[in-house]
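Please keep the structure in view while reading the points below.

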Amino acid sequence: MLNTTTMARDIIRNPRGRRRLRLAPAASVVAGLGLFAYCGPALAESVAFPGALGFGAKAVAWKGGDIIEVTTLADSGAGSLRACAQNGDRPRICVFRVSGTIQLDTPILVGSNIYIAGQTAPGKGIQIRNGNSTRTPLIVKNARDVVIRFLKVRPGPSVTPSANVDAITVEDSRNVYLGNLSMNFATDETFNIHVSGGRVVDVTLADSILAHGLDRSTHPKGKHSKGALICSFDGKSSICGRITIARNLFAHHRDRMPDIKGTDVGPIEVLNNVFYNPKSQFGEFYDLLGDARIVYGGNVALSGPSTIAKTPEAVQAFEWKRKWRLSIMAFDNKTGTPTGCTPRTFAVLNPTAKARLIPTTSGPFSAPLYHAKDVLEKVLATAGDRMPGDVHLDSLDQQVINDTLNCRGRVINSPDEVGGWPTYPRAPRIVDSDQDGLPDSYEAAAPGLSPDQPNNPWARPPGSALSHVETWLALRAGDLE
């Protein structure tokens with residue numbers, strides 16, 4: 001049923017104090033007690049890690065594979081991230097024994113059956129940026145069963161003009177899980193899912209920060225600070241759907257927060273995200289690829305210092321193809337401004353989006369949902385490359401979080417405007433004396449393991465649904481309570 005307009009003023013607590021958020025009226029579509037029903041895989045073996053959510057949660061074919069150490073920050077060569085990530089389809093986990101910045105001269109083309117476990121890096125973790133490259137630093141193309149977590153991917157301006165510098169691109173791939181990433185300083189869109197005559201299905205982007213797309217930088221079209229482009233395409237017979245965009249913070253982009261197309265292979269779900277300070281537009285939904293079904297639930301859209309005076313709706317739908325149809329399910333979304341900004345009232349849906357609303361059902365949805373009143377607090381407490389105790393949280397991510405709470409910041413043209421790439425102090429290297437893939441510190445504390453004698457990292461402790469290595473990864477990430 002369609003509820004009446006609601007008004008809310010919420011007190012938001014973050015780990016460093018209290019902030020007040022001013023929320024303008026926003027329409028909500030509510031389906032009753034079953035609104036937040038979640039249908040997700042329950043068995044540990046069937047999901048990538050405890051708590052994995054969305055359509056990409058079943059990226060599991062890396063399990064049982066090799067554990068490969070990343071021991072250098074070099075672009076390539078033995079011990080590099082590239083050497084692990086581009087290692088064909090061989091099941092593997094990339095674990096980091098070093099921390100700091102990896103500078104790339106060509107993209108890393110991530111292969112199949114892989115878990116890039118950034119949470120294993122010591123210190124402030126791993127930051128990836130471009131050197132002489134004119135392309136996206138991390139590309140997942142024609143791949144399957146890929147998990148990438150806890151990295152900072154911040155390419156920066158290309159050395160020559162380029163229309164192809166996202167932070168991460170997923171193309172013609174399936175079973176992909178991207179989580180707790182920090183993506184900044186792209187000159188095209190910050191995140192792109194692309195289909196080129198193939199198929200992109202079962203993808204999750206969750207718990208990440210997408211911020212500071214560069215506007216007047218090295219993109220040939222000029223002004224081009226973009227958030228996320230979901231199901232861009234070229235070629236015929238492209239298939240794109242079953243995609244989850246959940247619990248992310250988008251901040252300081254001109255537009256594409258996010259832009260979505262799709263086909264009838266399955267829905268695209270935009271759940272519990274915070275969209276802050278676009279310059280000209282928030283989200284744009286199109287019918288250009290096929291019959292698209294989009295679920296937009298529990299999101300918070302906030303104008304900011306860069307947002308134009310005539311604030312656009314949080315969702316603008318456009319129908320340009322008579323043969324295809326948009327279907328939009330929208331519920332429990334809020335719009336407004338953080339404290340510090342002049343209050344603004346703007347709608348969730350534009351007239352075309354309202355005309356394409358379908359009745360809200362109880363789901364099931366691909367991810368569990370928070371109510372919108374809780375979204376800002378929860379997303380800002382967990383999004384980005386950070387672990388329990390805010391390990392890996394750096395000054396740039398903290399600045400984006402503070403901007404969102406206090407109505408600060410702006411769309412930028414250069415990384416220098418926000419202090420550039422953070423530098424990290426040297427961190428102690430991770431030690432694995434017996435070379436079994438498990439660090440000494442973990443083995444010393446785990447019953448039945450020894451740092452002096454190789455153990456089978458894929459063995460399961462009695463009564464556990466997880467192997468030793470999965471338990472270690474989950475503990476580092478905060479997946480286990």
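## Aromatic contacts, sheet and cavity

F250, F275, F285 and Y296 together make up one aromatic cluster. The model is a predicted one, and twelve aromatic pairs are found in it. An open sheet of eight strands and one cavity of 30 Å³ or more are the other topics taken up here.

**The pair W62 and Y115**

- The ring centres of W62 and Y115 lie 4.8 Å apart with their planes at 80°, and because planes over 60 degrees apart count as edge-to-face, the pair is classed as edge-to-face.
- W62 belongs to the loop between β2 (17–26) and β3 (66–70), whereas Y115 belongs to strand β7 (residues 114–117), so the contact ties together parts that are 53 residues apart in sequence.
- W62 counts as buried at 1% relative accessibility, and Y115, with a relative accessible area of 1%, is buried too.

**The pair Y286 and F318**

- The rings of Y286 and F318 are stacked, since their centres are 5.2 Å apart and their planes stand at 20°.
- Y286 in strand β24 and F318 in strand β27 are 32 residues apart, and their pair thus links distant parts of the chain.
- Y286 is buried, with a relative accessible area of 10%, whereas F318 is partly exposed at 22%.

**The open sheet**

- The eight strands of the open sheet follow the order β6-β9-β12-β15-β18-β21-β24-β27, and their pairing is parallel.
- The edge strands are β6 (108–110) and β27 (315–318), each of which pairs on one side only.
- Strand β24 (residues 283–286) runs parallel to β27 and is joined to β27 by four bridges, with G283 standing opposite V315 in β27.

**Charges over rings**

- R129 lies over the face of W421, at 3.5 Å from the ring centre.
- K323 lies over the face of W324, at 4.4 Å from the ring centre.

**The cavity**

- The structure holds one cavity of 30 Å³ or more, and the volume of the largest cavity is about 50 Å³.
- The residues lining the largest cavity include W62 and Y115, along with A48, F49, P50, K63, R149, L466, E470, L473, A474 and D479.
- Helix α6 (residues 468–477) gives the most to this lining, with three residues.
- By residue class, the lining of the largest cavity divides into eight nonpolar and four charged residues, with no polar ones.

Notes
Residues are numbered from 1 along each chain as its sequence is written. This is a predicted model: local features need pLDDT of at least 70, side-chain atom pairs count only at pLDDT 80 or more; totals for chains, interfaces and linings use all residues. Side-chain values use heavy atoms; hydrogens and water are left out. On a 1 Å grid over the protein atoms alone, a cavity is a set of points where a 1.4 Å probe fits but cannot get out, and a pocket is an open set with protein on both sides within 12 Å along at least five of seven lines; lining residues have an atom within 4 Å of a point. Grid points are joined across faces, edges and corners, and a volume is the space filled by probe spheres set on the points. Helices (H or I, at least four residues) and strands (E, at least two) are DSSP runs, numbered from the N terminus. Ala, Val, Leu, Ile, Met, Phe, Trp, Tyr, Cys and Pro count as nonpolar, Asp, Glu, Lys and Arg as charged, and the others, Gly among them, as polar. Two strands pair if DSSP finds at least two bridges between them. Rings of Phe, Tyr and Trp (its six-membered ring) pair if their centres lie within 6.5 Å; planes under 30 degrees apart count as stacked, over 60 as edge-to-face and the rest as tilted. Buried means under 20% relative accessible area, exposed over 50%, partly exposed in between (1.4 Å probe, protein chains only). A charge sits over a ring if NZ of Lys or CZ of Arg is within 6 Å of the ring centre and within 35 degrees of the ring normal.
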